[in-house]
Amino acid sequence: MFFKQISRFTRYPKLRSLTVQSYRNLQTSQDKAGLASSRLREDDRDRLRQELEQIVGSKNVSSSESVLQQHGQDEGPHKGMPPDLVVYPSSVQETSAVCKVCSGSGVPIIPHGTGTGLEGGTSALSGGVCVDVTKHMEEILAIHHEDFCAVVQPGVSREGLNQSLKADGLWFPVDPGANASICGMCATGASGTNAVRYGTIKENVLNLEVVLADGRIIQTAGIDGRPRKSSAGYNLTSLFVGSEGTLGVITSATVRLHAVPETIAAAVVSFPSVQDAVSAVVSTLQCSVPMARIEFLDEVQMMACNKYSGLEYPETPHLFLEFHGSESEVHSQAEFVKEITSQFGGGEFQWAVQQEDRTRLWTARHRAYYANVALRAGCRCVTTDVCVPISRLPEIITSTKEDIQKNGLIGPIVGHVGDGNFHTMLLFDPDDADEQRKCKEVADRMARRAIAVGGTCTGEHGVGMGKINLLKEQFGEDGIGVMKNIKQALDPLNVMNPGKVFL
């Protein structure tokens, strides 16, 4: 049996005989006003709160309705569930003590970063304690300039780190769009626009400090380790990257830094069709051009970006490109790519060389989600992503677009197509259950097409609560069984973010 009987309820007599499953059943329905009800009985919650206050202080434990709601909902379409309490530790030691208290009482622990996820990863499906590690743990602990790495706490965002590195000629290139926390990016296995050149978060993490469910503190690459490579023992760092808070709380990350390129130039080029644009991407990559960014936006996405960000590009499929290197390298790369795109009907390159022009261009790209939601007042959005082998990219994007149109949906497509990863954002009226169902079905078919051609149901959003069944289809019973064995070994009571990744 995956869930074991809880036998350590020494602090709360009323909870002593419960199992994890029966604890889940404590939850009650929300009242007609939509206010969240606690899943712990009030007296048990008060006892738990007192014990947590002894660790982090009374000001750093909250049961405010607005705070609970905020911490139970991310930016995705899945309806969130609030925790019973939110705590704000100030150190790894306090985080460890909080986990010991919660684990010892069988109370779920939900790690929380900036809340910019899209698959319901922060939702407290079984109530419990949300551990917000961003509020007080926001220091850059070390920058090792000559080793090209930095050590950051969970409250440090990618933009914050890059601002601190600006004067040193260094930068952290992993850019998922949202100003996410770096430790949160590690937890979800984030990627982004620069992955084609610099890799995903997985390739840019050297070490993680993690608090396990029982309060133990480990460093995944060894104590204070920051080697560029290692063959010592199991690869614990990769195990925790993408674990979505189900194995532990990440309290610091040692990440790779890169030298700022001598020259950066961005360009925009239009195409007559989706097939032409994506085929140009495949040909460019097959010619081994070291692209820094190569982003695809279909005609619906271009319309949304034009309206939202004040751009004036043709409403046809586009590629947003960026080149890094010396001045001569950037020039030769750009000329070569221009020749390739022209073979697929690509228009003239529209250049953005100055910093302010490039910032405006990429800001418009990163605001695609908000631009899409603005297309239809009051709508919600099923935002999903897949990743496929580069050679299968044209057919998968084309078939997905046909599926969206066949179902009469508005669904802009945008993607980091340089590594085979693309997204669709399917708009629906929250009061129209049939339209929401269609969006979910289109998203599921898109994922199944990706799996069928050797891809994955998610390239960077993660599984959360939204893609549990798809993960099972991708890995099969035995693959999921191994994941459950790992989970049980590290978290036998299933208190770490229960109900995510798999059931």
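**Close-up views of a predicted model**

**View 1. Glu-244, a buried loop residue.** Glu-244 has a relative accessible area of 10% and so counts as buried (under 20% relative accessible area; over 50% is exposed and in between is partly exposed, with a 1.4 Å probe and protein chains only). Look for Glu-244 in the loop between helix 8 (236–240) and strand 10 (249–256). Helices (H or I, at least four residues) and strands (E, at least two) are DSSP runs, numbered from the N terminus. The phi of Glu-244 is near 55°, a positive value in a residue other than glycine. A note that goes for every view: this is a predicted model, so local features need pLDDT of at least 70 and side-chain atom pairs count only at pLDDT 80 or more, while totals for chains, interfaces and linings use all residues. Residues are numbered from 1 along each chain as its sequence is written, and side-chain values use heavy atoms, with hydrogens and water left out.

**View 2. Val-501, with another positive phi.** Val-501 sits in the segment after helix 16. Its phi is near 70°, positive although the residue is not glycine. At a relative accessible area of 11%, Val-501 is buried.

**View 3. The largest nonpolar core.** This core has 43 residues, and the members touching the most others are Phe-296, Leu-319, Leu-321, Phe-323, Ile-397 and Phe-422. A nonpolar core here is a set of buried Ala, Val, Leu, Ile, Met, Phe, Trp, Tyr and Cys residues joined through side-chain atoms within 4.5 Å. Helix 15 (residues 433–452) is the biggest contributor, giving seven residues. Zoom in on Ile-397: setting aside neighbours within four places in sequence, it is in contact (heavy atoms within 4.5 Å) with Val-274, Val-278, Phe-296, Ile-413, Val-417 and Phe-422. Another core, of 27 residues, lies apart from this one and includes Leu-161, Cys-183, Ala-253 and Val-255. In soluble globular proteins, nonpolar side chains tend to be buried together.

**View 4. Helix 15 against helix 16.** Helix 15 and helix 16 (residues 468–490) pack at about 15°, with axes 11 Å apart; axes are lines fitted to C-alpha atoms, for helices over the stretch in contact, and angles run from 0 to 180 degrees between N-to-C directions. The two helices are therefore roughly parallel (under 35 degrees; over 145 is roughly antiparallel, 65 to 115 roughly perpendicular and the rest oblique). On the helix 15 side, Asp-444, Ala-447, Arg-448 and Ile-451 meet Leu-470, Glu-473 and Gln-474 of helix 16. By class, that contact has three nonpolar, one polar and three charged residues (Ala, Val, Leu, Ile, Met, Phe, Trp, Tyr, Cys and Pro count as nonpolar, Asp, Glu, Lys and Arg as charged, and the others, Gly among them, as polar).

**View 5. Leu-470 up close.** Leu-470 belongs to helix 16 and, at 3% relative accessibility, counts as buried. Not counting residues up to four places away in sequence, Leu-470 touches Asp-444, Ala-447, Arg-448, Ile-451 and Cys-457. Leu-470 and Arg-445 are 25 residues apart in sequence and 10.0 Å apart in space, C-alpha to C-alpha.

**View 6. Helix 9 against helix 11.** Helix 9 (residues 274–286) and helix 11 (residues 327–342) pack at about 140°, with their axes 9 Å apart. That makes helix 9 oblique to helix 11. Ala-280, Ser-283 and Thr-284 of helix 9 make the contact with Val-337, Ile-340 and Thr-341 of helix 11. Sorted by class, this contact has three nonpolar, three polar and no charged residues.
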